[in-house]
Amino acid sequence: MSTASVIARPGAVLADLIPASRVRDAALVLGGAVLTGLAAQIAVPVPGSPVPVTGQTFAALLVGTALGARRGVLSLALYAVAGVVGVPWFAGGGSGAGAVSFGYVLGMILASAAVGALARRGADRSPLRMAGTMLLGEAIIYAIGVPYLALAAHMSLTQAIAAGLTPFLIGDALKAALAMGLLPTAWKLTSKR
């Protein structure tokens, strides 16, 4: 199948531009998990918060969008399971389910499903729709991560919002802006081939 026919086909995501096979899908799932793990190593501490700023959420949302919901969920689930069993690729080289930020990892799995499903509906092909897709994905991550942080760190919900949401809003806006340019541009470049 040519790139032009994949682009014209409704329901395609960027990963569908690669000829289909089980090997392709396995490589994409593993690659998405590795990308997320590598991006998590970009970790900057936030004063007053046990949660650092990382590249992991951006990578997770890109994985979900580029691979689609099914492969994105498998990729982020692999990332989570491998991290729980000891691969040191959570933020700052951490592993295990005991970290107060593990809820964000769980949220990334659900977020990848949502952004992947929206990408199959063309949300990754225009800047404005891509921004909305990224912001929805971020909201899902926070909806799981912040309450988990409150429970794991013995904080009130207000304290968890102050420590695990508010300091990250500007960065999330920048991530959405980057995605607004990145994914629609990737589609434009592939359509010219």
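**Figure 1. Helix H2 passes helix H4 in a right-handed crossing.** The model shown here and in the other views is predicted. H2 covers residues 22–40 and H4 covers residues 69–84. Their axes lie 8 Å apart, at an angle of about 50 degrees, and H2 is therefore oblique to H4. On the H2 side, the contact is made by Arg-24, Asp-25, Leu-28, Val-29, Leu-30, Gly-32, Ala-33, Thr-36, Gly-37 and Ala-40. H4 contributes Arg-70, Arg-71, Leu-74, Ser-75, Leu-76, Leu-78 and Tyr-79. Sorted by class, the contact of H2 with H4 has nine nonpolar, four polar and four charged residues.

**Figure 2. Helices H2 and H3 pack with their axes 7 Å apart.** The angle between H2 and H3 is about 160 degrees. Angles over 145 degrees count as roughly antiparallel, so H2 is roughly antiparallel to H3. The crossing of these two helices is right-handed. From H2, the contact uses Leu-28, Val-29, Gly-32, Leu-35, Thr-36, Ala-39 and Ala-40; from H3, it uses Gln-56, Ala-59, Ala-60, Val-63 and Leu-67. Nine of the residues in the contact of H2 with H3 are nonpolar and three are polar, with no charged residues.

**Figure 3. Helix H3 (residues 56–67) and H4 cross at roughly 145 degrees.** The axes of H3 and H4 come within 6 Å, and H3 passes H4 in a right-handed crossing. Gln-56, Ala-60, Val-63, Gly-64 and Leu-67 of H3 meet Ala-69, Arg-71, Gly-72, Ser-75, Leu-76 and Tyr-79 of H4. The contact of H3 with H4 comprises six nonpolar, four polar and one charged residues.

**Figure 4. Tyr-79 and Phe-90 form an edge-to-face aromatic pair.** The structure holds five aromatic pairs, one of which is Tyr-79 with Phe-90. The two ring centres are 5.3 Å apart, with 70 degrees between the planes. Tyr-79 sits in helix H4, whereas Phe-90 belongs to the loop between H4 and H5. The pair links distant parts of the chain, its two residues being eleven residues apart. Tyr-79 is also among the H4 residues that meet H3 and among those in contact with H2.

**Figure 5. Helix H5 spans residues 102–120.** H5 has 19 residues and reaches 28 Å from its first C-alpha to its last. This is close to the 27 Å expected at 1.5 Å a residue. Just after H5, Gly-122 takes a positive phi of about 90 degrees.

Notes. Residues numbered from 1 in each chain as written. Predicted model: local features only at pLDDT ≥ 70, side-chain atom pairs only at ≥ 80, totals over all residues. Heavy atoms only, no water. Helix = DSSP H or I, 4+ residues; strand = E, 2+ residues; numbered from the N terminus. Expected span 1.5 Å × (residues − 1). Axes fitted to C-alpha atoms, helices over the stretch in contact; angles between N-to-C directions. Parallel < 35°, antiparallel > 145°, perpendicular 65-115°, else oblique. Left-handed = near helix turned anticlockwise from the far one by under 90°. Contact = heavy atoms within 4.5 Å. Nonpolar A, V, L, I, M, F, W, Y, C, P; charged D, E, K, R; others polar. Phe/Tyr/Trp six-rings, centres within 6.5 Å; stacked < 30°, edge-to-face > 60°.
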